[in-house]
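Here are some notes for a colleague who is opening this structure for the first time. Please read them alongside the model.

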Amino acid sequence: SVYVEYHEAVAKSEADDRPKRIDYRDILDGETFALFARIREWRKVLAAEEKVPAYAILTNEQMAEVAKSRPSSLGSLKAIKGFGEGRAAKYGESLLSCLANGFEDKGEADKA
């Protein structure tokens with residue numbers, strides 16, 4: 001004989017183990033999200049130039065922290081988790097310039 005029991009609970013899939021995607025528009029105010037979007041564009045261009053994944057430059061969490069804290073020096077950038085000496089030396093000045101002056105895509109500047 002065979003005994004079968006039916007349970008309502010669905011087996012947990014591998015997708016359930018992944019962290020949920022965060023929509024930063026929901027957790028950042030409008031001005032901070034605009035800065036986050038500017039940093040994201042900077043990261044996208046830099047990642048394409050260096051032929052590396054965007055998260056190798058900065059993670060979304062790090063970009064959100066940068067947008068919230070608005071650092072103005074390399075020292076304040078280094079205070080962000082995961083932004084150590086190496087990233088500060090490689091990307092710090094460029095990121096600070098992006099924060100201070102805005103980001104202008106090189107392609108857009110060439111069109112003007």
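1. Contact here means heavy atoms within 4.5 Å. This is a predicted model, in which local features need pLDDT of at least 70 and side-chain atom pairs count only at pLDDT 80 or more, while totals for chains, interfaces and linings use all residues. Residues are numbered from 1 along each chain as its sequence is written, and side-chain values use heavy atoms, with hydrogens and water left out.

2. The predictor's confidence in each residue is pLDDT, from 0 to 100. Its mean over the protein is 83, and 79% of the residues reach 70 or more. Over residues 106-112 pLDDT stays under 50, and the model has two contacts beyond four places in sequence for them.

3. Q62 sits in helix 5 (residues 60-69); helices are DSSP runs of H or I, at least four residues, numbered from the N terminus. With a relative accessible area of 8%, Q62 is buried (under 20%, with a 1.4 Å probe and protein chains only). Apart from neighbours within four places in sequence, Q62 is in contact with I80, K81, G82, F83 and R87.

4. Aromatic pairs are rings of Phe, Tyr and Trp (its six-membered ring) with centres within 6.5 Å; planes under 30 degrees apart count as stacked, over 60 as edge-to-face and the rest as tilted. The count is three aromatic pairs. The rings of W42 and Y91 have centres 6.4 Å apart and planes at 90°, so this pair is edge-to-face. Because W42 lies in helix 3 (residues 30-50) and Y91 in helix 7 (residues 85-101), the pair ties together parts 49 residues apart in sequence.

5. W42 is buried at 4% relative accessible area, and Y91 is buried at 6%.

Definitions and conventions:
Helix = DSSP H or I, 4+ residues; strand = E, 2+ residues; numbered from the N terminus. Buried < 20%, exposed > 50% of the residue type's maximum accessible area, 1.4 Å probe, protein only.
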